[in-house]
Amino acid sequence: MTVDRNCLDAETVAAWLDGGLDTAAAAAAEAHASNCDRCQALLATVARTLPVGTGHEAPGTARLWQWWLAPLAAS
């Protein structure tokens, strides 16, 4: 499998979840993931493992994961 140099790594995904990416980096990650099967699979796996409704979500991330990744996790 060929990995695009723009593919998300664990650190980027963790920072995205924690709200640690600046606006440009978050937009770049979302734009890449929207067209990359590998990154979509990675994010779907992460979404399946996240606790929901525990109160431990980073501010804003629950909303992001619910609207953007819920369709991926369901597939």
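This is a predicted model: local features need pLDDT of at least 70, side-chain atom pairs count only at pLDDT 80 or more; totals for chains, interfaces and linings use all residues.

Let me start at Gly19, the residue that follows α1 and has a positive phi, near 75°. When I say helix, I mean a DSSP run of H or I with at least four residues, whereas a strand is a run of E with at least two, and both are numbered from the N terminus. Residues are numbered from 1 along each chain as its sequence is written, and side-chain values use heavy atoms, with hydrogens and water left out.

As for the overall picture, the chain has 4 helices and 0 strands, and from the N terminus its elements run α-α-α-α. Of the 75 residues in the chain, 29% are buried, where buried means under 20% relative accessible area, exposed means over 50%, and partly exposed lies in between, using a 1.4 Å probe and protein chains only. If we take the contacts (heavy atoms within 4.5 Å) between residues at least 6 apart in sequence, 69% of them join residues at least 24 apart.

Now to the individual helices. In α1, the buried residues are Val13, Trp16 and Leu17. Seen down the axis of α1, these fall within an arc of 100°, so they line one face of the helix; the arc is that of the directions from the helix axis to the C-beta atoms. The face of α1 turned away from that buried side carries Glu11 and Asp18, which are exposed.

In α3, the buried residues are Cys39, Gln40, Leu43, Ala44, Val46 and Ala47. They cover an arc of only 165° around the axis, and therefore sit on the same side of α3. On the face turned away from the buried side of α3 we find the exposed residues Asp37 and Thr49.

The largest one has 11 residues, including Leu8, Trp16, Ala29, Ala33 and Leu43, and the elements in question are α1 (10-18), α2 (23-33) and α3 (37-49). Ala33, which is found in helix α2, is buried with a relative accessible area of 0%, and its C-alpha atom is separated by 7.7 Å from that of Leu8, 25 residues apart along the chain.

Finally, the cysteines. The structure holds 0 disulfides, a disulfide being a pair of cysteine sulfur atoms within 2.5 Å. Cys7 is in no disulfide, and the nearest cysteine sulfur, that of Cys36, is 3.8 Å away. The sulfur of Cys36 is in turn 3.7 Å from the closest cysteine sulfur, in Cys39, which is too far for a bond. Both Cys7, with a relative accessible area of 15%, and Cys36, at 11%, are buried. Leaving aside its neighbours within four places in sequence, Cys7 is in contact with His32, Cys36, Arg38 and Cys39.

Key
A nonpolar core is a set of buried Ala, Val, Leu, Ile, Met, Phe, Trp, Tyr and Cys residues joined through side-chain atoms within 4.5 Å.
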